[in-house]
Number of protein chains: 2
Amino acid sequence: MSYVKKLKCLLCGTEYDANEVKYNCPKCGDEGVLEIIYDYLKIKKDFNRDTLKKNREFSMWRYLPLLPVDDPAKIGPSKVGWTPLYEAKRIREDLDMLNLWIKDDGRNPTASLKDRPSAIAVIKARELGEKIVTCASTGNAASSLAGAAASVGLKSYIFVPQTAPSAKIAQLLVFGSTVFAVRGTYDEAFDLSIEATREFGWYNRNTAFNPYMVEGKKTVALEIIEQMDFEVPDYLFVPVGDGCIISGVAKAYKDMFSLGLIDHLPKLVAVQAEGCKPIVEAVNGDGEVKFVEPNTIADSIAVGIPRNRLMAVRDIIKSRGFGIAVRDKEILEAIKYLGTVQGIFAEPAGSTAFAGMVKALKEKKISKKDKIVVLVTGNGLKDVESAKKAGGEALVIDPNLEAVKETMN
Amino acid sequence: MSYVKKLKCLLCGTEYDANEVKYNCPKCGDEGVLEIIYDYLKIKKDFNRDTLKKNREFSMWRYLPLLPVDDPAKIGPSKVGWTPLYEAKRIREDLDMLNLWIKDDGRNPTASLKDRPSAIAVIKARELGEKIVTCASTGNAASSLAGAAASVGLKSYIFVPQTAPSAKIAQLLVFGSTVFAVRGTYDEAFDLSIEATREFGWYNRNTAFNPYMVEGKKTVALEIIEQMDFEVPDYLFVPVGDGCIISGVAKAYKDMFSLGLIDHLPKLVAVQAEGCKPIVEAVNGDGEVKFVEPNTIADSIAVGIPRNRLMAVRDIIKSRGFGIAVRDKEILEAIKYLGTVQGIFAEPAGSTAFAGMVKALKEKKISKKDKIVVLVTGNGLKDVESAKKAGGEALVIDPNLEAVKETMN
């Protein structure tokens with residue numbers, strides 16, 4: 001059994017036993033997202049710097065005591081997590097920064113951070129004896145769930161906006177999912193998946209509906225903490241769509257703080273696209289999230305109705321962080337920059353946090369001496385169309401040396 | 001300094017010092033591929049099961065004593081290697097096999113096995129003080145070289161056939177390469193890159209021209225050996241284009257045998273597409289490689305003039321292995337099967353070895369009880385067009401429950 005003590009409603013504070021409730025707070029409905037409360041006193045006995053040092057499980061499962069897994073035998077085979085945290089020396093030199101790290105989470109099984117929560121979703125589904133999983137997704141959550149489900153023999157029914165990049169849809173189909181490409185936005189696909197869940201009794205993995213997703217996402221920051229040898233950065237830049245990843249990052253630091261393994265928390269910076277920045281506006285303004293019509297190439301964070309808005313806004317404000325928005329042009333430039341200078345290939349949402357960091361530096365919201373971590377959430381191969389816009393053109397030539405020479409002039 | 005003793009010509013047997021020669025044997029020309037000879041007696045002192053057990057470097061660099069690296073400070077930052085070896089339980093069950101493993105080398109930085117040799121190429125270039133690297137490639141070698149070069153600040157000039165998948169070209173451009181998309185085959189791009197190397201003095205990474213590439217590729221099998229706890233499989237299935245990966249696999253087992261860490265070698269099975277099978281024909285026939293016009297969707301192994309043919313044919317025959325060819329249809333079916341049954345997303349060349357294994361099983365060339373390892377060399381996101389052919393179609397629906405229900409009938 002896991003060390004989960006209670007599930008607590010973000011809105012009304014009601015506490016539930018784990019087997020009492022499946023999704024959101026029954027009293028509060030959609031906005032009553034549940035948070036997972038652990039028994040840290042018990043965890044401390046099994047989990048500390050020494051046990052971590054000896055642990056040779058280099059995947060997200062090295063943090064098992066901090067995860068809501070009742071039956072570890074239900075963990076799927078795919079190797080999720082323990083992605084590289086790069087010191088980014090060439091970027092440090094180029095930008096004259098002293099303390100920059102980049103976490104490349106595109107190195108997961110289906111090439112995005114979402115493999116982490118999806119791994120948890122599949123375990124919870126199996127613990128409950130469910131045979132079919134579902135979710136709505138801008139793409140990455142979907143392909144990660146489809147891959148994880150396939151690896152353990154669950155069926156998956158996936159709802160995506162019809163506009164999702166074809167690479168992401170192709171991935172779903174190869175994993176054997178039934179894919180509903182919805183003529184509408186991500187937000188419509190999201191609502192439809194919840195309706196279908198109620199109608200057909202599937203197990204739903206949706207962000208801020210399934211309470212365990214923040215727990216999966218937090219493993220990216222548990223790794224950052226350990227990879228930085230328990231040093232806490234000043235600022236952590238996170239791309240924000242639904243706001244679930246940034247709450248996961250917050251949770252990781254809170255967990256480690258509760259265990260006495262770090263002594264303070266980092267400031268969290270939410271980065272969004274100019275064409276879709278409801279969370280940025282909220283945290284920089286009065287805290288109220290106003291819904292918008294998304295308009296950005298960064299499909300993974302093109303979320304007009306951020307489902308985890310309350311928790312995300314609370315976590316960012318509490319961390320004394322801020323929000324920053326970047327233009328699509330800056331997102332594309334960041335793709336090219338990360339690739340050219342450091343050899344990291346990010347998808348648009350993946351490069352968004354980096355673009356935000358560059359902007360915050362220009363605007364002197366952060367200093368070049370600050371300890372900064374930037375989270376890259378997905379691999380550029382997931383959205384080749386955007387990569388083409390970012391990368392430029394190949395030189396088409398005839399197969400002879402003269403043709404090569406001509407291009408050199 | 002490395003433990004490299006000599007570079008020895010495959011054809012005439014002449015031995016050279018490492019600083020005496022850069023590419024092929026000066027006496028024998030193109031076919032005089034050089035092999036790297038190590039001082040195993042010295043290596044034994046630094047490298048054994050105990051040192052491996054204590055080694056916490058989980059990347060290809062854990063095998064540094066077995067690599068031609070003179071200056072480890074020149075190793076680039078990207079985390080290459082230590083990719084998962086899956087027990088593939090669901091495929092075992094489905095195919096009623098007892099001992100099947102799948103090595104997923106699509107989990108490398110640029111999503112293919114080629115990151116391993118490219119990492120070595122970039123080190124050798126830096127050791128020589130070179131500033132520009134080049135290669136010809138069907139795509140994966142190119143993007144891996146481009147990424148590795150970018151990560152350490154080298155310029156790259158890359159030759160690809162104009163028909164290379166657009167994802168691979170986009171990757172190159174994002175990494176800041178100058179890309180020559182040659183109106184011609186891979187074989188023409190290859191020859192042109194050698195001409196350009198001679199003309200402009202760039203450092204060339206081409207397979208079977210640069211002698212160190214087999215050494216990088218062998219790390220995939222060094223990992224397999226360690227991940228299988230020094231148990232040797234009966235058969236190892238490898239997709240074959242130029243024939244350099246399969247020679248790398250052979251070299252790994254020979255290295256470990258020379259060090260007394262294993263007591264025999266596995267049989268190597270070369271898998272090619274029906275539309276391009278010069279190596280398969282050679283090893284199953286009289287050993288002579290006849291050039292062909294490639295015709296297959298598996299672009300990474302669409303090689304009509306296999307550059308490492310002599311070494312590859314020698315290694316396969318010596319191992320008492322065999323060759324097997326599969327149709328494009330079987331390659332696409334293998335993509336879907338690996339995705340649906342095990343959650344592994346492979347590119348066409350990546351699924352080719354698996355397709356060959358299934359065929360060999362049907363044809364009773366191997367038995368269900370044999371210990372089998374299948375090498376998946378690249379991620380499916382690299383070739384979304386083929387994935388689409390393999391995966392099928394999404395169900396396009398309006399955003400309402402009725403539309404979902406209709407598809408269920």
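Contact here requires C-beta atoms, placed from the backbone, within 7 Å. Helices (H or I, at least four residues) and strands (E, at least two) are DSSP runs, numbered from the N terminus. By class, I found 8 nonpolar, 2 polar and 2 charged residues in this contact of α13(A) with α14(A). Ala, Val, Leu, Ile, Met, Phe, Trp, Tyr, Cys and Pro count as nonpolar, Asp, Glu, Lys and Arg as charged, and the others, Gly among them, as polar.

I noted that the model is predicted: local features need pLDDT of at least 70, side-chain atom pairs count only at pLDDT 80 or more, and totals for chains, interfaces and linings use all residues. Residues are numbered from 1 along each chain as its sequence is written, while chains are lettered from A and ligands numbered from 1 in the order in which they are written.

Next I looked up the angle. The axes of α13 (residues 328-342) and α14 (residues 348-362) of chain A come within 8 Å and cross at roughly 95°. That makes α13(A) roughly perpendicular to α14(A). Axes are lines fitted to C-alpha atoms, for helices over the stretch in contact, and angles run from 0 to 180 degrees between N-to-C directions. Under 35 degrees counts as roughly parallel, over 145 as roughly antiparallel, 65 to 115 as roughly perpendicular and the rest as oblique.

**Sheets**

I traced an open sheet of 6 strands in chain A, with mixed pairing and the order β4-β5-β13-β10-β11-β12. Its edge strands are β4 (85-86) and β12 (322-326) of chain A, each pairing on one side only. Strands pair if DSSP finds at least two bridges between them. Inside this order, β10 (residues 235-239) and β13 (residues 371-376) of chain A pair in the parallel sense over 3 bridges. A:L236 has A:V373 in β13(A) as its bridge partner.

I then followed an open sheet of 5 strands with parallel pairing, in the order β9(A)-β6(A)-β7(A)-β8(A)-β14(B). β9 (203-204) of chain A and β14 of chain B stand at the edges with a single partner strand each, so one side of each is left without a neighbour in the sheet. Helix α7 (residues 186-200) of chain A packs on this sheet and touches β6 (132-136), β7 (155-161), β8 and β9 of chain A. Its direction makes about 155° with that of β6(A).

Where do the two chains join in this sheet? β8 (residues 178-182) of chain A and β14 (residues 395-397) of chain B run parallel, joined by 3 bridges. For A:V182, I found the bridge partner B:I397 in β14(B).

**Between the chains**

I counted 66 residues of chain A in contact with 65 residues of chain B. Helix α6 (residues 166-174) of chain A gives the largest share of the chain A side, 7 residues. That side divides into 34 nonpolar, 19 polar and 13 charged residues. 98% of the interface residues of chain A are also interface residues in chain B, so the copies meet through the same surface.

Last, I checked the symmetry. A rotation of 180° with 0.0 Å of shift along its axis superposes chain A on chain B (RMSD 0.0 Å). That is the relation of a two-fold axis. Copies are superposed by least squares on the C-alpha atoms of residues with pLDDT of at least 70 in both. A:L381 comes closest to the rotation axis among the residues of chain A, at 2.9 Å (C-alpha).

Note on methods. Contact = placed C-beta atoms within 7 Å.
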